[in-house]
Amino acid sequence: MNNLKIFGKFLDQPILITKLNKSMPKIMACGAGIILANDAIDVFKKNNKDKNFKKDLFKKAIILAFAISSALLAPKIASKITKRTPIETLDEIRNKNEKLINDFLKNNNLEESAKNLLIKAKNEILTLGEIKKLVKNLSNNNDGEKLFNELIPDPENIQAKDIFSEIGYLSIYGLVPVIGGIIGGICADKTTKECNKEKITDKINEGIYQYLANIFMCNIGAGLALSILEKMKITSKSSRAIGMTTGIILTGVIGGSKIANTISQKVIQPFIYPNKAKKERKPEIMDLGLHADDIATVSLLSGLKWIEPIIPSLYTISGYKAGTGYRN
C-alpha cells in the first residue's frame with residue numbers, strides 16, 4: 001500500500017470522522033467568534049470612527065448564528081428527507097471494532113506491538129505512523145487485510161444509479177443554510193429596525209444566486225459528468241474528479257449564474273419590489289472561494305468520507321452571503 005493510500009486510510013478512520021463531526025459546532029462557533037473579534041479590532045484601530053459599528057456587528061452576529069445553526073441541522077434534515085444513513089455514532093463504531101478485532105485475535109497470532117495497535121483501534125484514532133505499522137503487520141495475512149478494510153473501508157465509487165440520490169441529499173443539505181441565512185438576515189434587519197422591501201429582495205435574490213450558482217447546479221453538473229464517465233466505463237478516480245470539476249464549471253458556475261439572475265429579474269424582483277432597478281449579479285473572484293464546497297462535493301461523490309463533517313462550514317458561507325444580501 002503506497003503512502004498516499006495510507007494517508008487516505010488515516011483520514012477515513014470512522015472514529016476520526018465521527019469525532020470531527022461532533023466537534024464541528026465548537027469549531028464553527030470559534031470561527032464566528034474570530035470573525036466578529038477581527039471586525040471589532042479593526043474598528044478599535046480606527047479609534048471607533050464607525051458610528052454604526054455596534055449595530056453592524058450585532059447584525060453580523062445574528063446572521064452568523066442563523067447560518068451556522070441551520071448548516072449544522074442541514075445534514076440531519078437532508079438525511080431524514082432522503083432516508084440516507086447518517087454518520088455512525090462513536091458507540092456504534094466502537095462496538096463494531098471490538099467485535100471485529102476480538103474475532104481476529106482469537107484466530108491469528110501477531111507480534112505484541114501489532115496486537116496493541118489493534119486494541120487501541122477499538123476505541124481511539126490511530127496516528128499516521130501507527131496506520132503504517134498496522135498495514136505492514138497485516139499485509140501478509142489475508143484475514144488481516146480483510147480486517148483492516150473492515151475497520152477503515154476503502155472509498156467506494158458511487159454508481160450512476162445512486163448518484164442523483166446523493167445529489168438530492170447534498171442539494172437539500174445546501175438549501176437549508178441558505179434559507180437559514182435569509183431568515184437570519186431579515187431578523188437582523190427587523191431587530192435593528194432597518195428592514196425594508198429592498199433589503200428583503202436583495203437577500204432572497206442573493207440566496208437564489210448562492211443556491212443555484214454555487215450549490216444546486218454545481219451538484220447537477222458533477223452528477224451529469226459522473227454519469228457520462230460511467231457510460232464511457234471510465235473508473236479512474238483522477239479522471240472522475242477532473243470530469244466532475246468540468247461539469248461543475250460548465251453547469252454550475254456559468255449556467256447556474258445565468259438561471260439565478262433570470263429568476264431574480266423576472267420573478268422575485270417584480271413580485272416583491274418592482275420599482276427597484278434590476279441589477280445582474282456577476283460572478284466575482286471572491287465567489288471562487290465559495291466553490292470550495294464543490295471540491296468537497298467532488299470528494300464526497302468520489303467516496304472520501306472524511307470530507308462530510310466539514311461541509312457545514314463551507315455551506316455556511318453561502319448562508320451568510322445570502323443573509324447580508326450581498327449583490328456585488
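## What a pocket is

A pocket is an open set of grid points with protein on both sides within 12 Å along at least five of seven lines, and its lining residues have an atom within 4 Å of a point. Keep that in mind as you look at this predicted model, where the second largest pocket is lined by 16 residues. Among these, Asn21, Leu72, Pro75, Lys76 and Ile87 lie nearest the centre of the pocket.

The volume of this second largest pocket is about 410 Å³. Which helix supplies the largest share of its lining? That is H3, with five residues. At least two lining residues come from each of helix H2 (14–45), helix H3 (53–82) and H8.

## The chain as a whole

Let's step back and view the protein chain from end to end. How many helices and strands does its secondary structure hold? The chain comes to 13 helices and zero strands. Following the sequence, you will read the pattern α-α-α-α-α-α-α-α-α-α-α-α-α. The protein chain has 328 residues, and 44% of them count as buried.

Helix H5 spans residues 112–121, and its residues Ala114, Leu117, Leu118 and Ala121 are buried. Looking down the axis of H5, you would find these buried residues within an arc of 100 degrees, so they line one face of the helix.

Now for the empty space within the structure. Rolling a probe the size of a water molecule over the atoms shows where empty space is left. A search of the whole structure finds one cavity of 30 Å³ or more. The largest cavity has a volume of about 100 Å³.

Ala121, one of the buried residues of H5, is part of the lining of the largest cavity.

## Helix H8 and a nonpolar patch

Some nonpolar residues sit on the surface instead. Phe66, Leu175, Ile179 and Ile183 form a nonpolar patch there, and together they have about 310 Å² of accessible area. Which helix gives the most to this patch? Helix H8 (residues 160–191) does, with three residues. Isoleucine 183 lies in helix H8 and has a relative accessible area of 41%. That value falls between the 20% and 50% cut-offs, so isoleucine 183 is partly exposed.

Lysine 190 is another residue of helix H8. Lysine 190 counts as exposed, at 54% relative accessibility.

Isoleucine 215 has its place in helix H9. Is isoleucine 215 buried or exposed? Its relative accessibility is 0%, and buried means under 20%, so isoleucine 215 counts as buried. Tyrosine 315 is 100 residues away from isoleucine 215 along the chain, and their C-alpha atoms are separated by 8.4 Å.

## Two lysines with positive phi

Finally, look at the backbone angles. Most residues other than glycine have a negative phi. Lysine 83 has a positive value, with phi near 55 degrees. Lysine 83 lies in the loop between H3 and helix H4 (90–107) and is exposed, with a relative accessible area of 76%.

Lysine 193 also has a positive phi, near 60 degrees. Where is lysine 193 placed? You will find lysine 193 in the loop between H8 and helix H9 (197–231). At 78% relative accessibility, lysine 193 counts as exposed.

Methods
Residues numbered from 1 in each chain as written. Predicted model: local features only at pLDDT ≥ 70, side-chain atom pairs only at ≥ 80, totals over all residues. Heavy atoms only, no water. Buried < 20%, exposed > 50% of the residue type's maximum accessible area, 1.4 Å probe, protein only. Helix = DSSP H or I, 4+ residues; strand = E, 2+ residues; numbered from the N terminus. Arc of directions from axis to C-beta. Patch = residues over 30% accessible without salt bridge, like charges linked within 9 Å, V, L, I, M, F, W, Y side chains within 5 Å. Areas by Shrake-Rupley, 256 points an atom, 1.4 Å probe, with all protein chains shown as cover. Salt bridge = Lys/Arg side-chain N within 4 Å of Asp/Glu carboxyl O. 1 Å grid on protein atoms, 1.4 Å probe; cavity = no way out; pocket = protein on both sides within 12 Å on 5 of 7 lines; lining within 4 Å. Points joined across faces, edges and corners; volume = space filled by probe spheres on them.
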